[in-house]
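Subject: Structure handover

Dear colleague,

Please find the structure below, followed by my notes on what was found in it.

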Amino acid sequence: MISSQAVKHVQRLEKEHLGLSATRFSKSTISPDSTHRFVYLSPSETGIDFEHTWDLQPKHRDQLRNSFIASGVAIGDFDNDGLADVFLTQQADGGRLYRNLGGFQFEDVTAKVGIDPGGMWSSGVTFADINNDGWLDLYVCGFDCPNRLYINQRGMYTEMASDHGLDFHGASVVMAFADYDLDGDLDGYLLTNRLHPSDAIKNVKILRQKNRPLRVHPDSRELAQTI
């Protein structure tokens, strides 16, 4: 219920500001039939049979309480056929690449195009043309494992992260690429998390000396850097 004082205030504003008008809406002007809705397509219809599962090693059990990213998605036309393809990551392995066949039909081409997902907890993933050749390369971040860079060679991928200095081993979340210095080459910003849960900080040894700043004990440097 709108008060008479509010109505008078609006009317005054309309007089003071020519061209300003206000209309009271008593009901929605959008009917249910005019709204767009999502339509569910089953894996049997699309071919995307991806299933995210957790299979943590004992040393990583605490990550369930650490709010660490579980999976990521990247969409891009890796084979330059005009259709958007999909890459999905997960904790159990390095992820899956689904090629868009058109008509909401997809094919798992992970192994076919040279991507080896084995032995990797993959988190974030990014499509980017790293070498400016017109073909989308693929950067897959990992948790407690080296990140992987798949260079696109006309629709086939070759892993070359170490060759490009991008095989960071830690708790990577996702990499963002952009030419921040405008030199024509893509630069990267890597977002990271921590390998150890937040409560592990209690195990870090601190050196306390009078009139000197606190320092991390040499035995705890690796732990402190990853928290």
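Asp79 is buried in this predicted model, at a relative accessible area of 15%; buried means under 20% relative accessible area, exposed over 50% and partly exposed in between, with a 1.4 Å probe and protein chains only. Its salt-bridge partner is Arg99, and the closest N and O atoms of the two are 2.6 Å apart. Arg99 is partly exposed, with a relative accessible area of 28%. A network of salt bridges links Asp79, Asp81 and Arg99. A salt bridge here is a side-chain nitrogen of Lys or Arg within 4 Å of a carboxyl oxygen of Asp or Glu.

On conventions: residues are numbered from 1 along each chain as its sequence is written. Because this is a predicted model, local features need pLDDT of at least 70 and side-chain atom pairs count only at pLDDT 80 or more, while totals for chains, interfaces and linings use all residues; side-chain values use heavy atoms, with hydrogens and water left out.

Salt bridges

The structure holds 4 salt bridges. Besides the pair above, Asp108 and Arg96 meet through their side chains at 3.7 Å, N to O. This pair links distant parts of the chain, with Asp108 in strand 4 and Arg96 in strand 3, 12 residues apart. Asp108 counts as partly exposed at 35% relative accessibility, and Arg96 is partly exposed with a relative accessible area of 24%. Glu107 and Lys112 also form a salt bridge, at 2.6 Å from N to O. Glu107 counts as partly exposed at 27% relative accessibility, whereas Lys112, at 54%, counts as exposed.

Strands

The protein has 3 helices and 12 strands; helices (H or I, at least four residues) and strands (E, at least two) are DSSP runs, numbered from the N terminus. Strands 1 and 2 run antiparallel and are joined by 4 bridges; two strands pair if DSSP finds at least two bridges between them. The bridge partner of Val73 in strand 2 is Leu88. Strand 2 is also joined to strand 3, again antiparallel, by 3 bridges, and Phe87 has Leu97 as its bridge partner in strand 3.

Which residues cover the two faces of strand 2? Asp85 and Phe87 lie on one side and Val86 and Leu88 on the other, and all are buried.

Strand 3 (residues 96–102) pairs with strand 4 (residues 105–108) in the antiparallel sense over 4 bridges. Gly102 stands opposite Gln105 in strand 4. Strands 3 and 4 form a hairpin with 2 residues between them, and Gly103 in the turn has a positive phi of about 65°.

Aromatic rings

There are 4 aromatic pairs in the structure. The ring centres of Tyr150 and Tyr157 are 6.4 Å apart and the planes stand at 75°, so this pair is edge-to-face. Rings of Phe, Tyr and Trp (its six-membered ring) pair if their centres lie within 6.5 Å; planes under 30 degrees apart count as stacked, over 60 as edge-to-face and the rest as tilted. Tyr150 and Tyr157 are both buried, and together with Phe78 they form one aromatic cluster.

Helix 2

Pro43 lies in helix 2 (residues 43–46) and is partly exposed, with a relative accessible area of 39%. Leaving aside neighbours within four places in sequence, Pro43 is in contact with Ile48 and Asp49; contact means heavy atoms within 4.5 Å. Pro43 and Phe106 are 63 residues apart in sequence and 9.5 Å apart in space, C-alpha to C-alpha.

Whole chain and confidence

Of the 227 residues of the protein, 33% count as buried. Among contacts with a separation of 6 or more, 45% are between residues 24 or more positions apart. The protein exposes about 14900 Å², with carbon and sulfur atoms supplying 53% of it; accessible areas come from the Shrake-Rupley method with a 1.4 Å probe, and for residues only the protein chains shown count as cover.

The average pLDDT, the predictor's confidence in each residue from 0 to 100, is 82, and 74% of the residues score at least 70. Over residues 223–227 the pLDDT is below 50, and this stretch has 14 contacts in the model beyond near neighbours in sequence. Where pLDDT is low, the predicted coordinates should not be read in detail.

Regards
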